[in-house]
Each structure stands twice: as C-alpha cells, then as structure tokens.
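The sequence and the model are shown first.

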Amino acid sequence: MYFYPYSLYMNSYYLLGTVFVVIAVVIGLIAQGRVSSAFRKYSRIHARIGKTGADVAREILDANGMADMPVNLTHGTLTDNFNPGNGSVNLSDEIYHGTSLASLAVAAHECGHAIQYHTGYTPIKIRNIIAPVCNIGNYLGWIAIVIGLALGRTKIAWFGFILMLGILLFQLVTLPVEFDASRRGLAILESRYLMSDEVGGARAMLKAAAMTYVAATLQTLASMLRIFLLIAGNSRDD
C-alpha cells in the first residue's frame, strides 16, 4: 500500500493518536499556566534577606568552587539557564535584579545545574552526551518515516520511528536532572537564605516549573504514540 497525505485523515489509528496529542498539549498548557501563576505570585513576595538573584547565584557558585563561573544578565522572561558550553549561569532581568522568592528560587535552581556539572552528576553527563545524537536521530527519523510511508515500505518507517525515540529518551533523562537541580537549590536556600515561612513559596515555584518538564515529556510520548499508531495502521493495510 502506498501512502498519500489524505490517508492521514482516513486512518483511525492516526486519529486516535491525535486525541492523545491534544490531551497532552492541554496538560502542557495547564502546566505552563501554573508556572506563570506561581511566578506572578511569588515575584511579589520579597525574601527578607534582601539579596538579589544575582547575589545569591554568585554566592552559591563561590561556595561550591566555581568562583570563575560568570553570572550573566540575559534578555526575556524566564529565559534563565545554565550553559555548560561556556560555563555560565544566565539570569533574566527580573531574576537577576529581583529579591523575590521567585527570583531566589530560579537563581538557585540554575546554580543547581552548575553544581551538577561541576561535580560530574551522571544524568547531566548522559544528557549532554546524547543531546546531539538525539537531535540528528529525530531529523533523520522524520525523513525515514515519510519515505517509508510514501513508498509503502513500513520497515523503513519503523526504522525512522526507532531513531526518533532518542528524543523521548533525552526528555526522560532530563526529568531527574531538573528535579535534582531544584532539590539542590532549595536545600541551599533553606539552609542559608530563606526563613522557615518562606521556604514553602520557593518550593511551590520550583515544583510548578518542574511540572512543565513532565508535561513536555508527556507531549513527546503522545506524539510518538501517534506516529506508532500511524505506522501500525499502514502495516495492517499492506
């Protein structure tokens, strides 16, 4: 059987997979909404210690043997990240200059990633190694799937599907990396920077942010399931 674009809409397997994707997207939107809501809430509550996110990040890095790692100001909202390529912690304006619970929580989280990298935390090493391979596999996988379905060669399509599973693997490895970075950051904040009644706010902020990674993984899983069902449906029709 040869594959034609219109057959997507006639394929009950593909349509079932699309339902899963829509559900996953909705979950992702809810998770993103929770992050935005938590950020708005806890960016209005200032930590009594009075230090900025940049101050806290600098002190955490210094205390963990990374005095030479820069803390940079970056553009955008919640664009904060740790860049292992150039060894830097990058904080958005509101986090860099802010003294709120949200600012300190996000800054500590990014420093948690820096500590992971500095101490050789295994999951982050695995993630960094497989990232380029997974990206290439995802690109080649799509090509193989399209060619396989277009020519009616489902073996080629299945090979493409296997290549694309690398992206799911990458996101599954990302989950413990993100949760661990939050755990490290929160422990530091609790021990040195926040009062006992402030810790809950920082924890809630980090928990909401972590759920976006869970939602992203579910979206990828749903997309892979849709592709699986599409190929399986065409296999039955061969």
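**Basis of the description**

The structure is a predicted model, in which local features need pLDDT of at least 70 and side-chain atom pairs count only at pLDDT 80 or more, while totals for chains, interfaces and linings use all residues. Residues are numbered from 1 along each chain as its sequence is written, and side-chain values use heavy atoms, with hydrogens and water left out.

**Overall build**

The protein has 7 helices and 3 strands; these are DSSP runs numbered from the N terminus, with helices being H or I of at least four residues and strands E of at least two. Read from the N terminus, the order of elements is α-α-β-β-β-α-α-α-α-α. Along the principal axes, the C-alpha atoms fill a box of roughly 70 × 35 × 25 Å.

Of the 238 residues, 47% count as buried, where buried means under 20% relative accessible area, exposed over 50%, and partly exposed in between (1.4 Å probe, protein chains only). The accessible surface comes to about 12200 Å², and carbon and sulfur atoms hold 64% of that surface. Such areas come from the Shrake-Rupley method with a 1.4 Å probe, and for residues only the protein chains shown count as cover.

**The strands**

Strand β3 (residues 88-92) is largely enclosed by the rest of the structure, because 5 of its 5 residues are buried. Ser88, Asn90 and Ser92 point one way from β3, while Val89 and Leu91 point the other way. In a regular strand, side chains alternate between the two faces of the sheet.

β3 pairs with both β1 and β2, pairing being counted if DSSP finds at least two bridges between two strands. The table sets out these pairings.

| Strand | Partner | Sense | Bridges |
|---|---|---|---|
| β1 (residues 71-74) | β3 | parallel | 4 bridges |
| β2 (residues 81-83) | β3 | antiparallel | 3 bridges |

Asn72 stands opposite Asn90 in β3, and Asn83 has Ser88 of β3 as its bridge partner. The hairpin of β2 and β3 has 4 residues between the strands, and Gly87 there takes a positive phi near 60°.

**Annotated spans**

An unreviewed UniProt entry places the feature "transmembrane region" at residues 12-31, 129-150, 156-175 and 213-232. UniProt positions are given in the numbering used here, feature names are shortened, and annotations may be inferred rather than shown by experiment. Residues 156-175 are 100% helix, with their end C-alpha atoms 31 Å apart. Residues 213-232 are also 100% helix, and their end C-alpha atoms lie 28 Å apart.

**A nonpolar patch**

Leu16, Val19, Phe20, Ile23, Ile27, Leu218, Leu221, Leu225 and Phe228 make a nonpolar surface patch of about 720 Å². Helices α1 (12-42) and α7 (196-237) each supply at least two residues of the patch, and α1 gives the most, with 5 residues. Val19, found in α1, is partly exposed, with a relative accessible area of 44%.

**Phe179**

Phe179 is found in helix α6 (residues 154-192) and is partly exposed, at 38% relative accessible area. Leaving aside neighbours within four places in sequence, Phe179 is in contact with Ala210, Met211 and Val214, contact meaning heavy atoms within 4.5 Å. Phe179 and Leu206 are 27 residues apart in sequence, with 8.8 Å between their C-alpha atoms.

Note on methods: Patches are made of residues with over 30% relative accessible area and no salt bridge: like charges are joined within 9 Å, nonpolar side chains (Val, Leu, Ile, Met, Phe, Trp, Tyr) within 5 Å. A salt bridge is a side-chain nitrogen of Lys or Arg within 4 Å of a carboxyl oxygen of Asp or Glu.
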